[in-house]
Amino acid sequence: MRMVDLSLIEAARQLLADVTPLPFDCGTLCGHRCCTDFAPNEGVYLIPGELPLFDGTEDFTRWQFHRTDEYEFAPAWERRFDSVPFLQCTRLCDRSRRPFECRTYPLWPYLRADGTLEMRYSFLAHGICPLPERYRIDQLDPAFVDAARRAWELLMQDEAMREHVEWLTAQYDALELPPA
Ligand code: SF4
Ligand code: SF4
């Protein structure tokens, strides 16, 4: 079972270390909903291989491990990984330690037919995050959108992450959501 290369994950996290969707703290628009409005079964998936970037001294974490044959992941992940770590925050984190998924939120990648990546609002962000209703993607901070795209491009050097992006893209296509 080969995890995603740690140096790729670190580099992707670093690209998104200091950029945010808007030039001000978007948490002021919503009371930090994406960090505080957790239903009992909600949380954040780590990238397989990201767990070593947590050293156990974090005091905002509660962990579950979701088996790939029980939860929904890219189909090929079932043979690649037994389980994927799932973080449920108990309070606002120390930002420098937040996982990749939080750094790219609320954007996810969409793989165009020509092989280029487009950033779209996560289809799971609708109803939680107010940004999709208030801002088109091209109204977000371009530095954030660009860094998110570069971070995902970097991660896609790993085959498992490429499968993940293809799986997200298939879900966008099935939902027939228009690009924002
Ligand atoms: S829910 Fe959206 S607007 Fe609110 S803090 Fe999270 S990313 Fe920002
Ligand atoms: S890890 Fe931090 S940024 Fe991510 S959901 Fe938890 S509190 Fe929010």
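## A hairpin to start with

Strand 4 and strand 5 form a hairpin with five residues between them, and G115 in the turn has a positive phi of about 90°. Strands here are DSSP runs (E, at least two residues), helices are DSSP runs too (H or I, at least four residues), and both are numbered from the N terminus. One pair to look for is P109, whose bridge partner in strand 5 is M119.

This is a predicted model, in which local features need pLDDT of at least 70 and side-chain atom pairs count only at pLDDT 80 or more, while totals for chains, interfaces and linings use all residues. Residues are numbered from 1 along each chain as its sequence is written, and chains are lettered from A and ligands numbered from 1 in the order in which they are written.

Now look for three strands that form an open sheet in the order 1-3-2, with antiparallel pairing. Two strands pair if DSSP finds at least two bridges between them. Strand 1 (44–45) and strand 2 (61–67) are the edge strands, each pairing on one side only.

How many bridges join strand 2 to strand 3? There are seven, and these strands run antiparallel. Within strand 3, Q88 stands opposite R62.

## The nonpolar core

The largest nonpolar core has 33 residues, and A12, L107, A147, A148, A151 and L155 touch the most other members. Helix 7 (142–155) is among the elements that each supply at least two residues of this core, and its six residues are the largest share. Such a core is a set of buried Ala, Val, Leu, Ile, Met, Phe, Trp, Tyr and Cys residues joined through C-beta atoms within 7 Å; buried means that 20 or more other C-beta atoms lie within 10 Å of a residue's own, with C-beta atoms placed from the backbone.

## Around the two ligands

Which residues come nearest to ligand 1? Of the 14 around ligand 1, they are C26, G27, C30, C34 and C129. A residue counts as near if its C-beta atom, placed from the backbone, lies within 6 Å. Helix 2 gives the most to this shell, with three residues.

Key. Buried ≥ 20, exposed ≤ 12 C-beta atoms within 10 Å, placed from the backbone.
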